[in-house]
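Open the model in your viewer and keep the sequence panel beside it. This tour moves from one selection to the next.

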Amino acid sequence: MAQELVKIYNLVKRYKEGERNFTGINLNEANLSRINLSQANLSDASLCVTNLSGANLSGINLSRANLNVGRLSQANLTGANLSRATLNVANLVRADLSDAILIETLAIRSELIRARLNNANLTKANLNGADLREARVGQANFSQANLSGANLRGVSGASTNLQRADLRRANLVKANLPKANFSHAEMRQTNLTYADLRQANLSGANLRWADLRGANLLGADLSGANLSGANLSGANLSRATLAKASLVHVDLTQANLIKADWMGADISGATLTGAKLYEVPRFNLKAEDITCEWVDLSANGDHSEVYQFNPETLKKFFNQVLPTVQVIVDAPLDLEANLVLAETYHHIAKEYALLKHPPSIDTDIRRTVITFRIDREEYLFSMGCLAIFPFDDASKTQKNIVSLVRNLQDRSEKNQNQLRVLAAMGEVISKAHDLKQVVKSIRSEQIPSFFHRPTQMILTNTSQKKLTVHTHCDFGKRFKPSIVDRERDNHSSKFIEPILFDGEQVIDFVDSFDYLS
């Protein structure tokens, strides 16, 4: 005991005299509670079972130090360097580790209850089985850290970095971690019940069998995440991104998916009874053996628009295909025409946001098929008007489309599908003059012959019903019209082919739109 007191006295004396270098010092089991060693260098020190509770250790260098079973409760370790230190089973309850460096630190089963870890760097730290209940971890860096089996219940802080961290079987119940980065983290069987993960990045994370009941994932990125077998019942996934995620056998009972994006996700075997699916696209889903009795399609998720399923309607609902607009050109696409086409669509897109994605183009020795895929069926006619703009057939095709849509306008009673189509067409018509000027500014006398060739336009809705809105009279013919023939066709009403279908066809086509989409 006397020897220990001498050690402590000498340490305090040397520190007060201005000495700061105590590298490799041995103070095992010493009582250094409330001591001031701020900015001191104790790297490689041995401090096993040492009592440093309440001590001022701000800015201290404890790199590679051995602090196993150390007592550091309420210690001030702000800005401390604990890289590769050993803190197994240490008591750091309420310790302040803000801005501390704990890279590759060993802290297995350590106690960090209500500790402050804001802006701390714990890259590759081993916190297996550690207790971090209610710790503050705002902007802390846990990338590649081992937190398997750790208790993180009630931890809080925004923008925490847990990229590629190991959180298997960790407890994050009621964790408050908005904008946290969990990308590619290992989170199998992690308990995230009622966790607040708004706008968090969970892309590529492994969340198999994770418990996310009641979790708030508003605006979160779960693209490419593996959620197979996870429980998301009652979770808020509004505006979340689940593109290409695995949701096999996931429980989404009563989950809020309003305006979520799960294009390309695998929801085979999922349970979706009572899910809120307002404005959720259901294209390119892998959706076999779904369990779902009903869904809520109301804008506010208030059950004002409930849709009940039978086996046939259930399969159709979750197996949609994107509606398309196809412009089929009776000529192969060459490089020069391709450049003009891309430039024209680029300028149109600046004026009209509907043309936000480039088309897919298939060409062979005779024809070119330009396919636009859109998210909502009511924009099929509008997109048709835009897609044809670069071609000589634009005016006739657009007149046909306007004439067809007028059949809807003339009806005394209009359903929601018809009203949506009319509203969408109104947007295009309001900008028609500007769009014509845009195209006119691009076209020249030397425009490639590709744009003079006959075209056909086909609209396809999500029910796979097709509507041919225009076919040039020379489309499919082997001969190439002369310039004289083309001008005569453009300027003489005698050569403008009539619409070969009546108004009921367009009404049937529109009424077959999936209103639920």
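Which residues does Thr 190 touch, not counting residues up to four places away in sequence? Select Thr 190 and look around it: Leu 167, Arg 168, Arg 169, Ala 170, Leu 172, Ala 210 and Asp 211 are its contacts beyond that range. Contact here means heavy atoms within 4.5 Å.

Before going on, note that this is a predicted model: local features need pLDDT of at least 70, side-chain atom pairs count only at pLDDT 80 or more, and totals for chains, interfaces and linings use all residues. Residues are numbered from 1 along each chain as its sequence is written, and side-chain values use heavy atoms, with hydrogens and water left out.

**Stop 1: a loop**

Stay on Thr 190. It sits in the loop between helix 1 (2–16) and strand 1 (294–296). Helices (H or I, at least four residues) and strands (E, at least two) are DSSP runs, numbered from the N terminus. Is Thr 190 buried or exposed? It is buried, with a relative accessible area of 0%. Buried means under 20% relative accessible area, exposed over 50%, and partly exposed in between (1.4 Å probe, protein chains only).

Now select Asp 166. It lies in the loop between helix 1 and strand 1. Asp 166 is buried, at a relative accessible area of 15%. Leaving out residues up to four places away in sequence, Asp 166 touches Ala 145, Asn 146, Leu 147, Ser 148 and Glu 186.

**Stop 2: the whole protein**

Zoom out. The protein has 9 helices and 7 strands. Its C-alpha trace spans about 115 × 55 × 35 Å along the principal axes. The radius of gyration is 33 Å, while a compact globule of 517 residues would have one near 24 Å. That radius is taken over C-alpha atoms, and the globule rule is 2.2 Å times the number of residues to the power 0.38. Buried residues make up 51% of the 517.

**Stop 3**

Two strands pair if DSSP finds at least two bridges between them.

How many of the 8 residues of helix 4 are buried? The count is 8 of 8, so the helix is largely enclosed by the rest of the structure.

**Stop 3: strand 6**

Select residues 455–460, which are strand 6. Here 6 of 6 residues are buried. In a regular strand the side chains alternate between the two faces of the sheet. Turn the view to see each side. Thr 455, Met 457 and Leu 459 are buried on one face, and Gln 456, Ile 458 and Thr 460 on the other.

Now check the partners. Strand 6 pairs with strand 3 in the antiparallel sense over 6 bridges, and 5 bridges join it to strand 7, also antiparallel. Find Thr 460. Its bridge partner in strand 7 is Lys 466, and Thr 460 is itself the partner of Thr 324. Leu 459 stands opposite Leu 467 in strand 7. In the hairpin of strands 6 and 7, 5 residues lie between the strands, and Gln 464 takes a positive phi near 70°.

**Stop 4: the cores**

Last, select Leu 77, Phe 182, Leu 257, Trp 262, Leu 272 and Phe 318. Of the 110 residues in the largest nonpolar core, these touch the most other members. Such a core is a set of buried Ala, Val, Leu, Ile, Met, Phe, Trp, Tyr and Cys residues joined through side-chain atoms within 4.5 Å. Helix 1 gives this core its largest share, 3 residues. A second, separate core has 46 residues, including Val 329, Leu 354, Val 405 and Leu 467.
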